[in-house]
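Me: I have just opened this one and would like to go through it slowly. Could you take my questions one at a time?

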Amino acid sequence: MRILITGNMGYVGPIVAAHLRAKFPGARLVGFDAGYFADCLAGPIEPPETLFDGQIFGDVREFPEDLLTGVDAVIHLAAISNDPMGNRFEAVTEEINYRATVALADAAARAGVQNFVFASSCSVYGAADGAARRETDDVEPLTAYGRSKIAVERYFESMNPGAMNVTCLRFATACGMSPRLRLDLVLNDFVASALASRKITVLSDGTPWRPLIDVRDMALAIEWAATRARDNGGPLLTINAGHDSHNYRVKELAEAVAAHIPGTEIDINANAPPDKRSYRVDFSLFRKLAPDFTPRMTLADSIAGLRNGLTTMRFTNTQFRNSQHMRLKVLEAHLAAERLTPDLRWRAALH
């Protein structure tokens, strides 16, 4: 089996690579990444790319189609990956998250790739009061990031994939420890805050809903999607990836972290304006089609993994929101040093 993973040097990619290497030891794994976050390692550890048979550095907007020759599965993680970055780089988000993605999918279909896995997001539901959202419900993306994800999904509805299976995994909000840790995710932020300052500050009133999925369970879902047969969901499948029991209010997440890290104070801004980004998600279709690949990590497991990982790092940085563990800060540092152009391309002198 030959597997290409784009965006492998981000937060999720290292966990996916480790999972696939353990599951398919004889597979040929190749990574393709721009390298924006290559240095954002969680301490002095061995780079995750040692698990790959090949690592290609490049911009997905200029993807070399010959890399698809003989590839069985493409796992497409490359993206401007959260709301703050999407808001700051809205035009680039459309270029990378939408235009480059559909061009890659078209190229993969032409090359005879069997399975194309697209990392979508439950953020497409945006503001969704009431019942947990199913795949057939209306979407209301509130950000450039969310809009880019639904634009790709809609393109897939109109494309002819040929013999290629396309799976859009609408992931719940990611969490958990990774060799390239992100702390700009709600649970990760709360654990880091609790360890560094023994205080969690909830900027909202704590009532918005968030579904969560640990990065290890994301890797499990990706394994399923990368090997999915056509008779299990059809040639194009858009599916919520997560677990029904993992829908939480933000204040519940803060309380769970405080329970695991004694002495942690919680400060909730009861007077904050309502956060429109609130939604619960129904994951019953995922449970039906992929019963052996549903999430296994509990909230307690994810908190413990983060606590142990950060403790191993000897993490004490109370100013971590200005650190390399915040993806927007990394891009801004590259721009300030003129390593990147305003449209997030590496300057030629650095190649």
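Me: Is Glu-252 buried, exposed or partly exposed?
Reply: Glu-252 counts as partly exposed because its relative accessibility is 33%, where buried means under 20% relative accessible area, exposed means over 50% and partly exposed lies in between, with a 1.4 Å probe and protein chains only. Glu-252 is found in helix H7, and helices here are DSSP runs of H or I with at least four residues, while strands are runs of E with at least two, numbered from the N terminus.

Me: What should I keep in mind about the model and the numbering?
Reply: This is a predicted model, in which local features need pLDDT of at least 70 and side-chain atom pairs count only at pLDDT 80 or more, while totals for chains, interfaces and linings use all residues. Residues are numbered from 1 along each chain as its sequence is written, and side-chain values use heavy atoms, with hydrogens and water left out.

Me: How far apart are Glu-252 and Arg-345 in space?
Reply: They are 40 Å apart, C-alpha to C-alpha, and 93 residues apart in sequence.

Me: Back to H7, at what angle does it pack with H9?
Reply: Helix H7 (residues 250-260) and helix H9 (residues 299-312) pack at about 60°, and their axes are 10 Å apart; the axes are lines fitted to C-alpha atoms, for helices over the stretch in contact, and angles run from 0 to 180 degrees between N-to-C directions. That makes H7 oblique to H9, given that angles under 35 degrees count as roughly parallel, over 145 as roughly antiparallel, 65 to 115 as roughly perpendicular and the rest as oblique.

Me: Which residues of H9 are buried?
Reply: Leu-299, Ser-302, Ile-303, Ala-304, Leu-306, Gly-309 and Leu-310 are buried in H9, and the buried residues pack against strand E8 (173-175), H5, strand E10 (209-214), strand E12 (247-249) and H7. Just after H9, Arg-314 takes a positive phi of about 55°.

Me: And H5, how many of its residues are buried?
Reply: In H5, 11 of the 12 residues are buried, so the helix is largely enclosed by the rest of the structure. What covers those buried residues includes E8, E9, E10, H7 and H9.

Me: Where does Glu-338 lie?
Reply: Glu-338 lies in the segment after helix H10 (327-336), and its phi is near 60°, a positive value in a residue other than glycine. Glu-338 is exposed, with a relative accessible area of 55%.

Me: Switching to H6, how many of its residues are buried?
Reply: Of the 13 residues of H6, 11 are buried, so H6 is largely enclosed by the rest of the structure. Among them are Asp-217, Met-218, Glu-223 and Trp-224.

Me: At what angle do H1 and H6 pack?
Reply: Helix H1 (residues 13-23) and H6 pack at about 55°, with their axes 9 Å apart, and that makes H1 oblique to H6. Their crossing is right-handed. The contact is made by residues including Ile-15, Val-16 and His-19 of H1 and Val-215, Arg-216 and Ala-219 of H6.

Me: Last one, which residues does Phe-293 touch?
Reply: Not counting residues up to four places away in sequence, Phe-293 touches Leu-220, Ala-221, Glu-223, Trp-224 and Phe-286. Phe-293 itself lies in the loop between helix H8 (284-289) and H9.

Key. Left-handed = near helix turned anticlockwise from the far one by under 90°. Contact = heavy atoms within 4.5 Å.
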